[in-house]
Structures are given as C-alpha cells and as structure tokens.
Amino acid sequence: MGKTIYTKTHKSLVKRLVEAREQAGLLQEEVAKKLGRTQSYVSKLESGQRRIDIVQVKELARLYKKDPEDLIK
C-alpha cells in the first residue's frame, strides 16, 4: 500500500483546500497566524507534502466557513 499523500484522493483534498482558502480571501500567512502555525506548515499542506488529518480539516473548514464534508467529498 502506498503513502496516502500520493493518492488521487489526497491531491483532490489539497486542491479543494487551496480553492476554499482563496474563496475566503485569505493568504497562507493569514491562515497560519489564525492556526498558530507557520506559513511553511500551510504551504506544505497545500502542496501535498504533508498529510492532513480530520482535525486539521475541521480547523480549516471553520476558518474558511465551509462544511468539512465539502472539503473531503
């Protein structure tokens, strides 16, 4: 079994996260500050270099004013 960060499902999730952030009108730096993380952390999530767990999805969905299900569908 391959790593989940290389699957089509993960790539699709990453794409929806980027789109949601852009629709919310936020920069990676702003998201990082609101999450108490670094910009590089957000960048790695959005570039697919870092695995995303459900807790992170829920945090990002709340920030982007989206339903978590919209991000993971």
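Modeller: A crossing counts as right-handed if the near helix is turned clockwise from the far one by less than a right angle, and as left-handed if it is turned anticlockwise. The model discussed here is predicted.

Biologist: Which hand does the crossing of α2 and α3 have?

Modeller: The crossing of α2 and α3 is right-handed. By the definition, the near helix is therefore turned clockwise from the far one.

Biologist: Why are α2 and α3 called roughly perpendicular to each other?

Modeller: Helix α2, residues 28-35, crosses α3 at roughly 115°, and the two axes come within 8 Å. Angles from 65 to 115 degrees count as roughly perpendicular, so α2 and α3 are given that description.

Biologist: What makes the contact between them?

Modeller: On the α2 side, Q28, E29, V31 and A32 take part, and on the α3 side Q39, V42, S43 and E46. By class, this contact of α2 with α3 has 3 nonpolar, 3 polar and 2 charged residues.

Biologist: Why are α1 and α4 called roughly parallel to each other?

Modeller: Helix α1 covers residues 8-23 and helix α4 residues 54-64; they pack at about 25°, with axes 9 Å apart. Roughly parallel requires an angle under 35 degrees, and α1 and α4 are therefore roughly parallel. Their crossing is left-handed.

Biologist: Which residues of α1 and α4 meet?

Modeller: From α1 come L13, L17, A20 and R21, which meet V57, L60 and Y64 of α4. The class count for this contact of α1 with α4 is 6 nonpolar, no polar and 1 charged. Arg counts as charged, so R21 of α1 is placed in that class.

Biologist: How do α2 and α4 cross, and at roughly what angle?

Modeller: The axes of α2 and α4 cross at roughly 115° and come within 11 Å. α2 passes α4 in a right-handed crossing. V31, K34 and L35 of α2 meet E59, L60, L63 and Y64 of α4. By class, the contact of α2 with α4 has 5 nonpolar, no polar and 2 charged residues.

Biologist: How many cavities of 30 Å³ or more come out of the count?

Modeller: The count comes to 1 cavity of 30 Å³ or more. The largest cavity holds about 40 Å³ of space. A cavity is a set of points where a 1.4 Å probe fits but cannot get out.

Biologist: Which residues line the largest cavity?

Modeller: The lining is made of L17, V42, L45, E46, L60 and Y64. The elements that give two or more residues to this lining are α3 (39-47) and α4. The largest share, 3 residues, comes from α3.

Biologist: What is the lining of the largest cavity by class?

Modeller: The lining of the largest cavity has 5 nonpolar, no polar and 1 charged residues. Glu counts as charged, so E46 in the lining belongs to that class.

Technical notes:
Residues are numbered from 1 along each chain as its sequence is written. This is a predicted model: local features need pLDDT of at least 70, side-chain atom pairs count only at pLDDT 80 or more; totals for chains, interfaces and linings use all residues. Side-chain values use heavy atoms; hydrogens and water are left out. Axes are lines fitted to C-alpha atoms, for helices over the stretch in contact, and angles run from 0 to 180 degrees between N-to-C directions. Helices (H or I, at least four residues) and strands (E, at least two) are DSSP runs, numbered from the N terminus. Angles under 35 degrees count as roughly parallel, over 145 as roughly antiparallel, 65 to 115 as roughly perpendicular and the rest as oblique. Contact means heavy atoms within 4.5 Å. On a 1 Å grid over the protein atoms alone, a cavity is a set of points where a 1.4 Å probe fits but cannot get out, and a pocket is an open set with protein on both sides within 12 Å along at least five of seven lines; lining residues have an atom within 4 Å of a point. Grid points are joined across faces, edges and corners, and a volume is the space filled by probe spheres set on the points.
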